[in-house]
Amino acid sequence: MSGKKRWLLPEGIQEVLPPRAAQLESLCRQVMALYTSWGYELVMPPLVEYLDSLLTGTSEDLELQTFKLIDQLNGRMMGLRADTTPQVARIDAHRLKRATPTRLYYMGTTLHTRPTQQGGTRAPLQAGAELYGHAGPESDVESICLMLKTLELVEVKNVHVDLGHVGIYGGLIEQMDLAAEQEAVLFDTLQRKARAELETEIAAWSVPAHLADMLLGLLQLNGDVKILGEARRLLAKAGARVNAGIDALEEISQAVFEQVKNAPLFFDLAELSGYHYYTGTAFTAYVPGHGQGIAFGGRYDDIGSAFGRSRPATGFSTDLKILFSLTGRQFAVRRGIFAPCSAVPGLSETIDSLRKDGEIVIRQLPGQIGGAREMHCDRELVLEAGQWKVKIV
């Protein structure tokens with residue numbers, strides 16, 4: 001690379017400069033304080049782990065998103081984390097080994113081999129909260145409510161949350177006796193909501209009429225909470241697993257509405273993002289004009305089994321850089337106090353005292369260019385009657 005290009009960063013890798021870096025850091029602190037107030041404990045997983053631990057129990061998509069390198073000490077393959085959730089599951093199962101419900105949260109940079117959307121980042125600032133050791137709907141409700149409180153704290157506007165349950169589609173598909181290849185095609189078609197293709201595939205594979213009608217019915221089961229009543233009517237004969245999924249959505253959504261006023265919950269029973277990962281509820285937050293979800297979560301009860309201790313688990317994660325770009329908040333820019341270049345007694349003590357009180361104090365350097373305003377200070381220290389005093393510039 002020529003000398004003129006040395007400042008270029010890799011595609012999809014960004015840096016945050018002043019003053020936005022300070023504003024983002026302030027937002028991170030507030031999010032951490034929120035999670036702490038709910039009883040979640042901070043964990044700091046390593047940036048790099050051996051692949052057989054980092055990718056255990058995860059999807060193929062995550063494996064493709066993971067940068068890989070060789071440990072020069074022993075030749076084993078390592079990976080740079082693309083998602084922190086598997087690491088937190090390992091910590092719960094293998095390191096903490098608690099019998100009680102365990103609430104953990106994390107915040108840190110992850111790294112992706114490719115951006116998830118055109119022009120997107122490959123280095124998300126991922127924050128998330130996980131709840132282990134409780135299988136009831138109450139923990140799903142807590143995860144959804146905490147995600148909504150996170151978005152409320154950041155002041156992201158016009159949010160809506162799609163809530164679904166993988167047991168509804170799973171309960172239907174397990175009755176169809178399809179080959180793995182057929183199921184993969186069917187899954188892709190349903191994800192694209194391509195009704196004509198779905199009808200053709202169902203007919204070609206001789207899917208029983210009552211199952212075909214219910215599968216096609218999933219495409220129209222999207223909307224507000226009233227859609228669950230329609231789902232119960234259309235899927236009345238779908239079997240115990242399907243009806244249990246509808247029951248769970250009704251119970252969880254009712255509890256969320258009770259805890260979060262005007263919670264923006266919607267339902268799309270044909271939305272199957274994370275189907276091969278989640279084991280129960282799955283939810284995604286969206287905002288208009290942003291092509292992909294801005295926060296994701298659900299229940300993933302099997303994630304700890306690979307580490308020798310399977311516990312119920314639910315949680316969510318988000319990219320704080322994306323939330324920061326969407327925030328409606330106005331961040332105040334902190335201004336400092338400009339101190340002169342002087343050896344007058346008492347100046348250093350005054351500066352130390354101001355800094356202990358939380359003030360930003362910038363000392364003038366000999367011969368420097370720029371004064372208080374150029375150094376982003378709205379006050380300065382001046383000597384009056386032998387005393388150092390703070391004056392507005």
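Visitor: Which residues do ring pairs link into a cluster?

Guide: This is a predicted model, so keep that in mind throughout. Ring pairs link Y35, Y105 and F316 into a cluster. In total, the structure holds 9 aromatic pairs. One of them joins Y35 and Y105. Their ring centres lie 5.5 Å apart, with 75° between the planes. That makes the pair edge-to-face.

Visitor: Where in the chain do Y35 and Y105 lie?

Guide: Y35 belongs to helix α1, residues 20-37. Y105 belongs to strand β5.

Visitor: Are Y35 and Y105 buried or exposed?

Guide: Buried means under 20% relative accessible area. Y35 has a relative accessibility of 0%, so Y35 counts as buried. Y105 has 4%, and Y105 counts as buried too.

Visitor: Now the sheet. What is the order of the strands in the open sheet?

Guide: First the general idea. Strands of a sheet pair through backbone hydrogen bonds, either parallel or antiparallel. Here, an open sheet of 3 strands has the order β2-β4-β3. The pairing is antiparallel.

Visitor: Which strands stand at the edges?

Guide: β2 and β3 do, and β3 covers residues 67-70. Each has a single partner strand, so one side of each has no neighbour in the sheet. On average, neighbouring strands of this sheet are turned by 35° against each other, direction ignored.

Visitor: How many bridges pair β2 with β4?

Guide: There are 3 bridges, in the antiparallel sense. Strand β4 spans residues 77-80. Look at the partners one by one. E49 stands opposite G79 in β4. Y50 has M78 in β4 as its bridge partner.

Visitor: How many bridges pair β3 with β4?

Guide: These two strands pair over 4 bridges, again antiparallel. F67 is bridged to L80 in β4. β3 and β4 also form a hairpin, with 6 residues between them. In the turn, G75 has a positive phi of about 80°.

Visitor: Let us turn to charges. How many salt bridges does a search of the whole structure find?

Guide: The general idea is simple. Side chains of opposite charge can pair when their charged atoms come close. The search of the whole structure finds 21 salt bridges. One of the pairs is R98 with E41. Their closest N and O atoms are 2.6 Å apart.

Visitor: Which parts does the pair of R98 and E41 tie together?

Guide: R98 lies in the loop between α4 (85-96) and β5 (102-109). E41 lies in strand β1. So the pair ties together parts that are 57 residues apart in sequence. R98 is partly exposed, with a relative accessible area of 29%. E41 is partly exposed as well, at 36%.

Visitor: What does K68 form with E63?

Guide: K68 forms a salt bridge with E63. The closest N and O atoms are 3.2 Å apart. K68 is partly exposed, with a relative accessible area of 38%. E63 is partly exposed at 30%.

Visitor: Which residues do salt bridges that share partners join into one network?

Guide: The network consists of D140, R299 and D301.

Visitor: One last feature. Which residues form a nonpolar patch on the surface?

Guide: L47, V48 and L69 form the patch. Together they have about 210 Å² of accessible area.

Visitor: Where is L47 found?

Guide: L47 is found in the loop between β1 (41-42) and β2 (48-50). Patch members need over 30% relative accessible area. L47 has 46%, so L47 counts as partly exposed.

Key: Residues numbered from 1 in each chain as written. Predicted model: local features only at pLDDT ≥ 70, side-chain atom pairs only at ≥ 80, totals over all residues. Heavy atoms only, no water. Patch = residues over 30% accessible without salt bridge, like charges linked within 9 Å, V, L, I, M, F, W, Y side chains within 5 Å. Areas by Shrake-Rupley, 256 points an atom, 1.4 Å probe, with all protein chains shown as cover. Salt bridge = Lys/Arg side-chain N within 4 Å of Asp/Glu carboxyl O. Buried < 20%, exposed > 50% of the residue type's maximum accessible area, 1.4 Å probe, protein only. Pairing = 2+ DSSP bridges. Axes fitted to C-alpha atoms, helices over the stretch in contact; angles between N-to-C directions. Phe/Tyr/Trp six-rings, centres within 6.5 Å; stacked < 30°, edge-to-face > 60°.
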